[in-house]
Each structure stands twice: as C-alpha cells, then as structure tokens.
Amino acid sequence: MAAATGAADGDQRWLVDCLTATLDTSRDVRAFAEESLRQASLLPGYGAALTKVTINKEIPFGLRQISFQPFFFLLHFFLYGNSAFIKHHWQEDEENFVPPVVSSSEKVVIRQLLLTSLDDSHGKIRTAISMAVAAIGQHDWPEDWPELLPLLLKLIGDQSNGNGVRGALRCLALLSDDLDDTCVPKLVPELFPSLHRIISSPHLYENSLRAKALAIVHSCISMLGSMSGVYKRDIVALITSILDPLIEQFSIILNSPVQSQNPDDWSMHMEVLKCLLQLVQNFPRLPEAKISGNENFAQPFLHLCGRHLSPHSRSITCHPFKVQRILIVLTMILMVVKEVLSPLRFSLIDILFFLKLFELWTTIVGNTRLAKVIRGNIKELAYYTIGFQQITEGQVQSWSRDANQYVADEDDVTYSCRVSGSLLLEEMVNAYEDYGIDSILEAAQMRFHESRELKQAGSADWWRLHEASLFALGSLSEQLCEAQVDLYFFVLLSSSLPHLLVFGDGYHLPVYNGYSSNREDSGLSKYNVRDLLEQMTADIAGTGVHQYPFLHARALSIVPKFSSVISKGVSEQFLINAAHAIALDVPPPVKVGACRAIAQLLPGSNQDLIQPNIMGILSSLVDLLRQASEETLHLVLETLQSAIKSGGEQSTSIEPIISPIVLDVWVQHIADPFISIDAVEVLEAIKNAPGCLQPLVSRILPTIGSILEKPKIQPDGLVAGSLDLLTMVLKNAPTVVVKAVFDTCFISTILIVLESDDHGEMQNATECLAAFISGGRQELLAWGGEQGRTLKMLLDAVSRLLDPVLESSVSLFVGSFVLQLILHMASHLSPHIPDLIAAIVRRMQTSSIAGLKCSLIVIIARLVSEIQGSYQIKVTTTALALLISTRHPELSKLEVQGHLIKTSAGITTRSKARVAPDQWTKIPLPAKIFLLLADTLAEIQEQVGDDDECDEDSDWEEVQNGETSIPDDVMYSASVPSNANPSVEHLKAMAKVFDEDDDGSYDDDLTKIDPLNEVKLADFLTNIFVNLWESDRPMFEYLCQGLSETQKSAVENILRK
C-alpha cells in the first residue's frame, strides 16, 4: 500500500546516527546519544521525524525498530498518564503542561504516516504501528480523527492485502473496548462480513489474528447486549442476522483439537466462550427459527465427544434430541474434556479456559428458557462435570508438600475447576430439582463404577474418579440430605399406608418392596443417597491410607456432612477411625480429614462410645497444635474446642497442658482476628468444663492484669485482645471470679476507656465493663472501696463514650454498657438520668451509624433483651413517655420511620419485595413516640373495655405470686400485641437489639425486683397525656395529627375524664 519514503533527509540521517550510537559498545557514546535524543524530543517535529524513520523501508529493519521504540512509548505512555514528555507537551489544557506543545499539524502528519504503514511487511513493525495507531485513537478518535474507523474497515475488507488486514485488525481489536452505542450498530453490518471471513479462514489467517477478530465480535455483542433494553427490536434483528454463521464457526472452533502448548489456540477458544456467555446472558430468548429441525443434528457431536474421552468413559448413551443452536455449541464444548481424564496435568491457561467453560454452563443452566431446552443433556453434563473435578497431578504434588495449601484450597470458594464444577452441579439442582438430583447421583454412580473398573485393570489413578464423585456429592450434601428425607417419607407412606396412594377414578400406584413405580413422576429422587455413600465409603476401607491419602481424607470429611442420613454405625466407625488417624503417622491430608470428622461428629456422638477415646483425642490434638501453622491452625483449634466440650470431667486433667499452649497460640496470633477468636473460643470451652474455671482464671489473670496496667507499651492488638479474653472470663462467671477479676483489672479497664484513642481497645473495654456490671451487679459498687467511687468511674466512662465528638464506631457498644447500668443500678442513677438522656441525644445526633442510633433509642427505652410479656411493654412505655415529657429540642431533630407507603395492592410476595421494597415516611422522633404511646393506650382499652379502665392494669402487671383470677388468654392477649397494632409489636422488636449472646440467667430476678412492676400503666399514660395537653397544647395538637382514628379515640377517652 505505502511506497517507500525514499532516501532519508537530513533530520532522518541525524536520528539514524543517534539511534545507531545508542547501540555502541562504549558507555560514553551511548550516554551522549541518549542525551541528544532527549534534547531533540523537546523540539518541534521530533515525533514526525521518528515516524518517518520507522516507516522508511530503505533504513535497516533493526534501526527502524529501535527508532520506533521511543516514539511508541512516547505516545503509548501519554495515553495512560505515565509518560512525562507527552504528559507535559502533548496538550495545552493538561494540568501539568510544559511548553512546547506538539502542534496540531505535526499530529496530523504522524497519524497519516502511521495509517499508510499499517501493511508493513515486517510483523514487529506492523504490530508496533498498530499499537501506536490504537493508542492515538484512544485519545483522538473520533473527534480529532474521524477518518480512522473508515480507513481501518477499508483495510480489513481488502482481501488482496493480507498485511493490511493484519495491521488494521490488531488496531481495531485494541480499540474495540472503546466502541460505544453510537457506532456499534452502524459498524456491525459493515464489519461482520470481514470478521467472519477472517474467523472462517484458518488456511489464510493465523489463530492469533482469528482470536483478535473474535475479541472484536465479543466487544460488539457486549455493547449490543447493554443496548438491548432500549433498542430491543433493532438489536435482536441485528443479532439474528449474524447468529447462524457465528454459531457455525463457534461449533467448528470448539470441535477442533487444542494444543496445550499453543496459547493462540487457547485464546481463540476462550474468546468463543466469552462470546457465547454474552449471547446467553444478553439474548437468552433467541428466535424460534434458530431451533434445529433435525432431531439427530447433535448426535454426531456427542459421538465425537466420546471418541476424545478415554475408553472407560464411553459407556454413556447418547439419545436423539431436538436442540437450540446454543445447545449444539454446548455439545461442542464437551469435547474439550478430551485431556481431562487421563494425564490430569493442567496449566494455568487450561484452568482459565475451564473456569470460563463452567461459567458458560452455569449461565445456561441458570436461564429458565435454556434450561428447558437442555434438560435431556443434564445427565451427560453432570457426568462430564464430575470428570473435571478430579484432583490433578499438580494438586497432588502441592498438597502432599504443604498441608496448609490443602486446607486453604479445600476451604476456597473461587478460582478452581473443582469449585466451579460444584457451583454448576448446585445450579442443576436449583433448576431441575429432583430430576437434577437423580442425574447427579446417576453420574456419580457411573463414575464410581468406572473407578472400580480402573482399579481392577491395575490403573494407578483409579482413586481420582472415586474421590471426585465423593467431592461432588459432598458439595451438595444439604440438598441430597433433604432429598433422602423426602424419600424416606415416601417409602414409609407407600409401605405403611398404601390406601393413601389412590388417585382419580380409583387408580392406585403400583408399589413394589416399598417403592412406587411412578416415584419419579411424584417428584422424588429415584436414587438412594445413603446406600450409594455407604457403598462408596466401604470400598475405601480396604485400601492403604499411605497409598491413597486423598481418598481417605475425602471419605473422612464427607461422612459428617451426611451423618443425618447414613446409618449411625457408619458414622460411629468413621469417628473411631478419625480418632485413631490423628494419633498415627499418616499423611497430612488424612489428619486434616480426621480433624474435620471429629469436629463435626463428636457433638452428636454416643458418649459411652467416645469417652474411652477422648483422652487420646485430646492428647493427639495438643500434639497437632504444636505443629500446626496458618490454615491448619484454625482447623485444629476448631477440633480441639469440640473435643473439650465432649470431654466432660476428663478435660480437667488435661487443662494444665492445653491451656498454656492455647494461650501461647493466642498471643502469637493476636493480630490475626480469626485465629485469636478461635483460641478464645477454645479457652471458653475449657472455662465451661467441670472444674476448669478456677485454674484457668488463676493462669490468665496475672498476665492480663500486667498487660492492661501498661497498655501503651504493648504490641498492636494485645490490649484489645486481652479485654476480649477478659470479657469471656466474666461472662456467666460466679461472683467470686468476678470479684477477683475486678480487683485486678477494673480500674485499668476504666482508664483505657478514658485515655485510649484506639477504637478497638475502647470497644472491647466497653463490652468488658458491661460484663463487669452484669456479673457483679449491685455488689460491684461496694468493691471499689470509697463510697460512690465505682459508680463515678462508670459514669465517667459513659460520658467519654457518649462524647459527640468521638467517631461513631467508638461508641458502638455503649448501648450494652448503659443498659447494664440501668438494669442493675437504677436506684443510683436517678440523679443522673436527665444528663444521661441529654448525652444520649447528642450522641445520636452526631452518629453516622444507624445501628448505634437504634441502640441508643433502646437504651432510652430501658428495654431488656429476651424478656417477654407485660414487663417488657411496661418498661418500654414508661421510658418513652418520660423521654417525650422532657420536650428536649434535640429530639425533634431526629427523624425515624413513620408510616408504610402502600405502593401496590394484593399480597406482597418475596419476589415483589425484592423488586419494590417497602417505603416509609419520615417523621420526627417525638411524633413516633407519641404514636407508640397512643397505640399502647388503645391496646389496653381494647383488651379490658372502656368501662373497666380502673382495673385494666391488672392485665398488664406481672403477678408476683403466680395467683390471679384473670384468664390466661386475656393475660396473653394483653401482653402480646395483636396483628392489628403493629406499633406495639415495634416496641417489642426494639428490645431484641442487644445482648444476643447473653443467656438471660438473671432476667427473671430483674423482672421481680424492678420497681416498674408497681407502676399502673393506664394511670401513668393518662398523666403523661394530660400533662402534655395542659402544658403545651400546640405541640399536643400537632402530635395528634399523625394518629389513626382508633388512637385519637383512645386519647380523647382519657382527656374527657
């Protein structure tokens, strides 16, 4: 296309000399040449001169390539913000512009010269020019370079100029991500014939170029997909016009062999999968005309797929079926598994391809329309998927060397063929329910039998299919267990109550040996999960644990997942096997599986069976704990916790051994929240074991006390972790333990709240103070020596935590702290309540965390978690009434949810709720409180009748001696609000915000001793409403505007009296 530019002019000759000098062996010569080029780059015309050198075919290729490097990087890095020269000189309106600017005329020259040289005969020069054109185009096109796209299309369409096609296509591929919705619809009809020609001509164009053409197709489909909602009719018509030839080429490409060592082959296949994924995601409702009329069209593809698989996998039967064109492509993809079953050696590019393959499959199965079309292929799909889930040789080597990597990969939920295969199987169950479960179980059974045949044939890899089948079933344990329960129920009905299996016209389902012949039609699974699993695990028993460690590890880890359906004897035998395995010299994966089995099976095991082995389990786990690191540490700690809980009194004898090691693990991993929390949970299990509390506290307390005394010199995280550990010790501890901890750590904890700036330390110290009050109660006030000293310190801590200047996260747990003060020290707080309410309101006003605001409202309302009945409502109501009676101006500045805005009629289903969630009005807090109080009053009047208001409080009082003449149903209805009064339900819901981990052991006592029990709620509310009406009539009338007619009537009734 472009002629030689002729002999070099003076500027070009000078540049050629400088470029030549940059290759000189003398360091000084090279340095001088490089500095000369740098100085020249500041002069006008430098870029154009370099371009002329690059495209001058009379200049030696090596110098042309060298000359282009500085020019290309100059342009390329400018466009990505990394080139200082272009960043400073290319455009005057750039922030860091430094004169001189590259002139517009020079830019025009550069662009024209580059475009005319896209067909250069040297591939490296052509590639560099293509990249430079694309780089400039990303900045200048289309505004300053409108002729770029037409010229590229002209080059791509010129079949006589192969080099031009290659150069222009590379350029367009780089630009394809920048194509927008204004140009793609116009571009596709003109561009697609050329792209199709390139894609369909492997004899003319190399695979790398065909992959670039597919990449452009993918970009166009993606853009058209994003437009389909707005321009649906036009876009569907456009896609339909190109779909047939595309699908045909996709099938051909996916049917062709792939060389693992050839990245261009993989790139081409990957681009096909990406295109298919976009088609399925954006255009699932392809026209009916695309459904093949030939029922046997796909039959050759499945047979071809069978030819590529190893002999033992060819037993699958292919049946004729009518398919949509996308299904034809799906069967093509199955042929890619030809290398999966035998060598099992995947490269990174293999894995990336297979992950994209699974993503496509999962998308197709998850699409309701396409799922119906491929229903007949589900068994084959499950069969091949389990083949993909085999352990590769690389994984065997990696996991054998590093147990941590094995545990990490087992817990990983992303980026592996095994996990992606499990997600596909799960999607199959979701889409096809029991039919999907049957298909997967049948596929797993087939793979299991194949592994048996391989074992008999002497194959060393027979165990891989066996392990993959167990892995696939384990990933669906929840769904399979549920299906097994349904099967048990059906068998019970069919065998014990045959008269129930009668349908219309007196037709009975035939029943044979307890199984209905039409069980599949009934929607129940045909395959027995229990029998299959017990058969698969029994086959492993006779194999060597050292020879097949991963198979034994899988069996140990899968049995606990199915403990609810397999026989108790099998579960118990595996538990015993696991207990022996952790004590023996077995490969690390087996010990990992044994830990999983013990952790999950111990809690529900027969104690008579396990007690003789518990000491051995604990001793073995302690040994493992000394050796564990990183990922395995979490698993060992989890298993140890389960063993201690099941150990009973035997744990006492091993506490002196376990506790120091666990504490050491806790200290070493204090910066790791997961490991440190695991360690604290193990220590909590030790604390709760019979006879272990006192020795554990004696062991912990001196060290924790010294840490908290000097918090500023401790390593990061140690103080916060120590407070967390202290809170665990205080939880549900006897008074003598709380007193011992108080004497050592209480003042230090207070000082941390008052002086620390660390958010984690302040949060944990707040929780610790709440635990002190919960455990010490009123006695705590007497432990501080001087009268009132302890209460003053607690109030000082509250004041700091409610400081509105603090970050909201610092005050996150202040609600629990203040709640404990109110519950246990209410009589001592009376003089401080006004200041406390004012501080809470100020803290609410500056809080940026909704949860903190809600918690503070609960605190003001003095609610106790998990206390049910009239006491709860009474506490709530009186607290809210006192709050509104303050008429504090800050309250009106807070807005809360008001009334539900009805957006649609009828029942609100979950799907409707997701599309259109509930919307609420916003009202001031006083209006909300007024509404709640009025609703409570209306509830009382509704329950006892207007004529008996003088006695209504008896229905709302807690009866201390348990004797009452009020019927139980009346008492219940008075304490639990009806559905017609959601506001009272709202009051009860507010009480459940805090202390979800608290066991409520002292709640009953609180209910009895609280002076609020003496309050007559009706009289109390009457006084509140009357006082508010008399003292602030305008405010009262304003608040009444938000009441319903029932609520207004209730308020008017008491005002008339």
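Mentor: A residue is exposed when its relative accessible area is over 50%, buried when that area is under 20%, and partly exposed in between. Keep in mind that this model is predicted.

Trainee: Why does arginine 626 count as exposed?

Mentor: Its relative accessibility is 54%. The cut-off for exposed is over 50%, so arginine 626 counts as exposed.

Trainee: What does aspartate 623 count as?

Mentor: Its value is 38%.

Trainee: What makes arginine 626 and aspartate 623 a salt bridge?

Mentor: Their closest N and O atoms are 3.1 Å apart. The limit is 4 Å, between a side-chain nitrogen of Lys or Arg and a carboxyl oxygen of Asp or Glu. The pair therefore passes as a salt bridge.

Trainee: Where do the two partners lie?

Mentor: Arginine 626 and aspartate 623 are both in helix H28, residues 607-627. They are 3 residues apart, about one turn of the helix. An α-helix has 3.6 residues a turn, so residues three or four places apart point the same way.

Trainee: How many salt bridges are there in the whole structure?

Mentor: The search finds 18. Another one of them joins arginine 464 and glutamate 393, with closest N and O atoms 2.7 Å apart. This pair links distant parts of the chain. Arginine 464 is in helix H22 and glutamate 393 in helix H19, 71 residues apart.

Trainee: Why is arginine 464 called buried?

Mentor: Its relative accessible area is 4%. Buried means under 20%, so arginine 464 is buried.

Trainee: Which salt bridge does arginine 554 form?

Mentor: Its side chain meets that of glutamate 410, at 2.8 Å from N to O. Glutamate 410 is in helix H20 and arginine 554 in helix H25, 144 residues apart. Arginine 554 has a relative accessible area of 5%. That is under 20%, so arginine 554 is buried.

Trainee: What is buried in helix H19?

Mentor: In H19, residues 393-401, the buried residues are Glu393, Val396 and Trp399.

Trainee: How do you know which side of H19 they are on?

Mentor: Look at the arc around the axis. They cover only 135 degrees, so they are on the same side of H19.

Trainee: What do the buried residues of H19 pack against?

Mentor: Five helices are listed: H20 (403-411), H21 (417-456), H22 (462-474), H25 (549-558) and H27 (588-601).

Trainee: What makes Ile747, Leu751 and Leu754 a patch?

Mentor: Together they form a nonpolar surface patch of about 210 Å². Take leucine 751, in helix H34, residues 735-755. Its relative accessible area is 37%. A patch residue needs over 30%, so leucine 751 passes that test.

Trainee: What does the chain look like overall?

Mentor: The chain has 49 helices and 4 strands. Of its 1057 residues, 52% count as buried.

Trainee: What is the confidence of the prediction?

Mentor: The chain averages a pLDDT of 76, and 74% of the residues score at least 70. Over residues 496-524 the pLDDT is below 50. Beyond near neighbours in sequence, that stretch has 41 contacts in the model. Residues 863-869 are also below 50, with 25 such contacts. Where pLDDT is low, the predicted coordinates should not be read in detail.

Key: Residues numbered from 1 in each chain as written. Predicted model: local features only at pLDDT ≥ 70, side-chain atom pairs only at ≥ 80, totals over all residues. Heavy atoms only, no water. Patch = residues over 30% accessible without salt bridge, like charges linked within 9 Å, V, L, I, M, F, W, Y side chains within 5 Å. Areas by Shrake-Rupley, 256 points an atom, 1.4 Å probe, with all protein chains shown as cover. Helix = DSSP H or I, 4+ residues; strand = E, 2+ residues; numbered from the N terminus. Buried < 20%, exposed > 50% of the residue type's maximum accessible area, 1.4 Å probe, protein only. Arc of directions from axis to C-beta. Contact = heavy atoms within 4.5 Å. pLDDT = per-residue confidence, 0-100.
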